[in-house]
Amino acid sequence: MPPNMSLIDTKRVGERFDSDAVFAQKMDHLAALVKDSKYTVFFAGAGVSTSAGVPDWRGPSGWWTGRRVRELQELPHRTCEEEDELRGLIEESRRERKKSDRRLLSVDAAPSYCHRAISALVKGYVVDYVITTNVDGLFRKAGLKAHAELCCLHGDIYVERCTGCGRDFERNYHVRQANRHVHDHHVGTCKVCGSAPPKGYTGRPKSGALTGAHGGGYKKNGLVGTKCVNVGTKDTHVNSGERIDAIEYKEAEEHCKRAELCIVLGSSMALPHVAQFPFLAKEVVIVNLQETPVDDRCDLRIWNLCDTVMTGLMERLSIVPDLNEPWNPTDPLTEDEMRARGIASAYIDAAIQLSVESRMNWWLELEQEREQQRAAPAFMRFSPR
């Protein structure tokens, strides 16, 4: 970790909100920007999924924050600076307003209002594209089509990709398994082109070999990396210290360059390779509860929850998002096929529930939505394409 990096992040953990009056003014400004833009891109980070029960990264209860608290608590002797940092992190965690009444595995999470609203804007030709650093698959579940409408910059837990022909297989289970080396992305053999892992593949790195971004891939370290070619299928999850797949990198770059407006939602913008994309657009709006290192570069800065901002935007655009139909993966596996692959039981159970419970719940929620739509004024009724 670079010097003082933890202290920089600690200072940014604190959350703040615009006053009601200021927030209303900013929302009017945001709505005007969206209406005037000829090409709009959403750039979504972890904050978009917190209300769906998926923890964020650098928020008061995020992964980074929890890890840092544990690191500080385990120190046998803490400096005054470290004591202040620990006290601040714990205090912010206690003060955090409740973003969700639950914490879930990504495979059990359902799209939030924010995911559904953004999907409706894309389907209604109001927004042109969505880029996300989240791997939870919630935009996919909300109805967006990968590559055509959605770029998953750091991968997607439901995608298995061939390193030979480049084909994506949209699965019904969490493709990446917990028993893999952190920099090994091997899954299997491609049924389309036949690309398979080399005969000498073991899943263990060669002795003394570098792994990750500087590892050189299978030929040098024996692992299936994010940039390897013709070594079978892989998961698309980009871990810390790894390079983004060229497919997603080009998509993000292309759409941000075309954008007149890029709206950043719930991203800490702490990673330089991520923060560069939104600023390829002509105008940038940042929505986040914590400070980001690029706040001074944006054209409009909004301090509020992502769901609250999207609710305000949809009201000003006179759009009510419909309830998305249950997600049906294009390349699901049967329970027997998943067990043959050695998939963890929790992921198999989640896949089974996805196909049964989601459709039942959808019908119940659809009736509730229809009742609300009937009670809404005619101009607020909206059906995406």
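## A tour of buried salt bridges and a helix crossing

Start by selecting arginine 171: its relative accessible area is 8%, so this residue is buried. Keep in mind as you go that the model on your screen is predicted.

Glutamate 160 counts as buried because its relative accessibility is 0%.

Next, select glutamate 170 and arginine 140. They form a salt bridge too, with 2.6 Å between the closest N and O atoms. Glutamate 170 belongs to strand 5 (residues 168–170) and arginine 140 to helix 6, so this pair ties together parts that are 30 residues apart in sequence. Are these two partners buried or exposed? Glutamate 170 has 12% relative accessibility and therefore counts as buried; arginine 140, at 7%, counts as buried as well.

For the next stop, pick lysine 123 and glutamate 149. Their side chains meet in a salt bridge of 2.9 Å, N to O. Lysine 123 is in helix 5, whereas glutamate 149 is in the loop between helix 6 (138–141) and strand 3 (150–152), so the bridge ties together parts 26 residues apart in sequence. Both lysine 123 and glutamate 149 are buried.

Stay with helix 5 (residues 113–123) and show helix 10 (residues 306–316) beside it: their axes come within 9 Å and cross at roughly 35°. The crossing is left-handed. Which residues make the contact? On helix 5, select Tyr113, Cys114, Ala117, Ile118, Ala120 and Leu121; on helix 10, select Cys306, Asp307, Met310, Thr311, Leu313 and Met314. Colour them by class and you will find 10 nonpolar residues, one polar and one charged.

One more selection: Arg161, Asp168, Lys234, Asp245 and Glu248, which are linked in a network of salt bridges. The structure holds 16 salt bridges.

Finally, zoom out to the whole chain. Of the 385 residues, 51% count as buried. Among contacts between residues at least 6 apart in sequence, 66% join residues at least 24 apart.

Conventions
Residues are numbered from 1 along each chain as its sequence is written. This is a predicted model: local features need pLDDT of at least 70, side-chain atom pairs count only at pLDDT 80 or more; totals for chains, interfaces and linings use all residues. Side-chain values use heavy atoms; hydrogens and water are left out. Axes are lines fitted to C-alpha atoms, for helices over the stretch in contact, and angles run from 0 to 180 degrees between N-to-C directions. Helices (H or I, at least four residues) and strands (E, at least two) are DSSP runs, numbered from the N terminus. A crossing is left-handed if the near helix is turned anticlockwise from the far one by less than a right angle, and right-handed if clockwise. Contact means heavy atoms within 4.5 Å. Ala, Val, Leu, Ile, Met, Phe, Trp, Tyr, Cys and Pro count as nonpolar, Asp, Glu, Lys and Arg as charged, and the others, Gly among them, as polar. Buried means under 20% relative accessible area, exposed over 50%, partly exposed in between (1.4 Å probe, protein chains only). A salt bridge is a side-chain nitrogen of Lys or Arg within 4 Å of a carboxyl oxygen of Asp or Glu.
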